Amino acid sequence: MRIGIIGTGWGRMHVGAFRAAGAEVAALCGRRLEHTREVAAQEGIPLATDDVQALCEAVDAVVVASPDALHREHVERALDAGRAVLCEKPLVRTDEEAQALVKKARARGLPCVVNFPYRMLPPLRALKGWLKRRPPHHLVVTLRNGFVPMESNGPGPFLGTSADFGGFSHVLDAALWLSGAAPAWVQASLSGRPVHTAALHVGLASGAVLVLTHAACAEPGIHGGWSLLGEGWEAGFSAGYVPARNGWCLSPVNVFQEGPWRELAPGHVPSPGAHEPWAEAHVETARRFLALIQGGPLEELAPVEAGATVQRLLTAAVASEQQGRRITLG
């Protein structure tokens, strides 16, 4: 299977992931041809181009890891060329763009999925299985992110170059995926222009409520705590990027139900001779994407519709902040 990657930044993560999954990375596309050639030479990729069409003609499937503002254009061009697509998060920048891509993917009848690596982390997959017969009533997530620039708090646009408040889309998708229910309404408080800190209450069709906070912080890294609560049970874990460990670290997932707390799944941390956990999540995504192209099941991959749901929530969060009220999702 020949893979083409659009994007010379985060796209390099996908180079290693798809090679580890057994695919050939045949082409790389970037905005600056000379730089793209340099990266392609470093990575041993035979074709370097600044022409998306040329990339699509040389491969069987496309990874879109370009800047967020270009995702819609690049996904559409790949689908129009008849290629399956794996798109980096966030899918696009607006709800309107997201719905257009859902329509395009359905019309083309091609696999089109969004890269949400939380779904591929082994401790979270174990928790997802445990939750099948235990619908949560509340899910509380607090995430502190040292990679988000704390720009102006005065008047200005809600969105900067990205459309997910500095990484919030990962959290939203993982929370919805674990809860297994669609969002029904959102009440939001957004700080920073562009937004760097967000506090959301999200009501689900199941009656559950998600309480999600994503805050820009001074401490380097990403630091997250997750608590899920249901009828007679609780579950929890922590996860984030730890600079001192040079990678993602997940605590064991612990659960409580009619007795003492117990470990449901072991933690997942960087270890010598193995892929860093976030990199391994990308490898697993690549494996499943390749299987999907060959007729396999969607499994835990996030379809384009899931990416659109996250974008709808983010768009509604901006409307909630602007209007000072709860926004119902249609």
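Student: What is the relative accessibility of Glu 321?

Tutor: This is a predicted model, so local features need pLDDT of at least 70 and side-chain atom pairs pLDDT 80 or more, while totals for chains, interfaces and linings use all residues. Residues are numbered from 1 along each chain as its sequence is written, and side-chain values use heavy atoms, leaving out hydrogens and water. On the scale used here, buried is under 20% relative accessible area, exposed is over 50%, and partly exposed lies in between (1.4 Å probe, protein chains only). Glu 321 counts as partly exposed because its relative accessibility is 24%.

Student: Which residue does Glu 321 meet in a salt bridge?

Tutor: A salt bridge here is a side-chain nitrogen of Lys or Arg within 4 Å of a carboxyl oxygen of Asp or Glu. Helices (H or I, at least four residues) and strands (E, at least two) are DSSP runs, numbered from the N terminus. Glu 321 sits in helix 9 (residues 304-323) and its partner in the loop between strand 8 and strand 9, so the pair ties together parts 128 residues apart in sequence. The N to O distance is 3.5 Å, and the partner is Arg 193.

Student: Is Arg 193 buried or exposed?

Tutor: Let's look at its neighbor too: a cis peptide bond joins Arg 193 and Pro 194, with omega about 0°. Pro 194 lies in the loop between strand 8 (183-191) and strand 9 (197-204). The relative accessible area of Arg 193 is 15%, so the answer is buried.

Student: Which other proline is joined by a cis peptide bond?

Tutor: Good one to check, because most peptide bonds are trans. The loop to look in runs between strand 5 (84-88) and helix 5 (95-108). There the bond has an omega of about -15°, and it joins Lys 89 to Pro 90.

Student: Where is Phe 165, with its positive phi?

Tutor: Its phi is about 55°, although Phe 165 is not a glycine. At 3% relative accessibility, this residue counts as buried. You will find Phe 165 in the loop between strand 7 (138-145) and helix 7 (168-179).

Student: And what is the relative accessible area of Asn 246?

Tutor: Asn 246 also has a positive phi, near 55°. Its place is in the loop between strand 12 (233-242) and strand 13 (247-250). Asn 246 is exposed because its relative accessible area is 59%.

Student: How many salt bridges cross the interface of domain 1 and domain 2?

Tutor: In the whole structure, a search finds 16 salt bridges. Across this interface, the number is three.

Student: Which residue does Arg 119 pair with in a salt bridge?

Tutor: Arg 119 lies in the loop between strand 6 (112-115) and helix 6 (122-130), and its partner is in helix 7, 54 residues apart. The closest N and O atoms are 2.8 Å apart, and the partner is Asp 173.

Student: Last one: which residues join Arg 288 in a network of salt bridges?

Tutor: Arg 288, in helix 8 (residues 277-293), pairs with a residue in the loop between helix 8 and strand 16 (302-303). That partner is Glu 299, with an N to O distance of 3.7 Å. Arg 288 counts as buried at 13% relative accessibility, whereas Glu 299 counts as exposed at 51%. The network links Arg 288 with Glu 280, Glu 284, Arg 287 and Glu 299.
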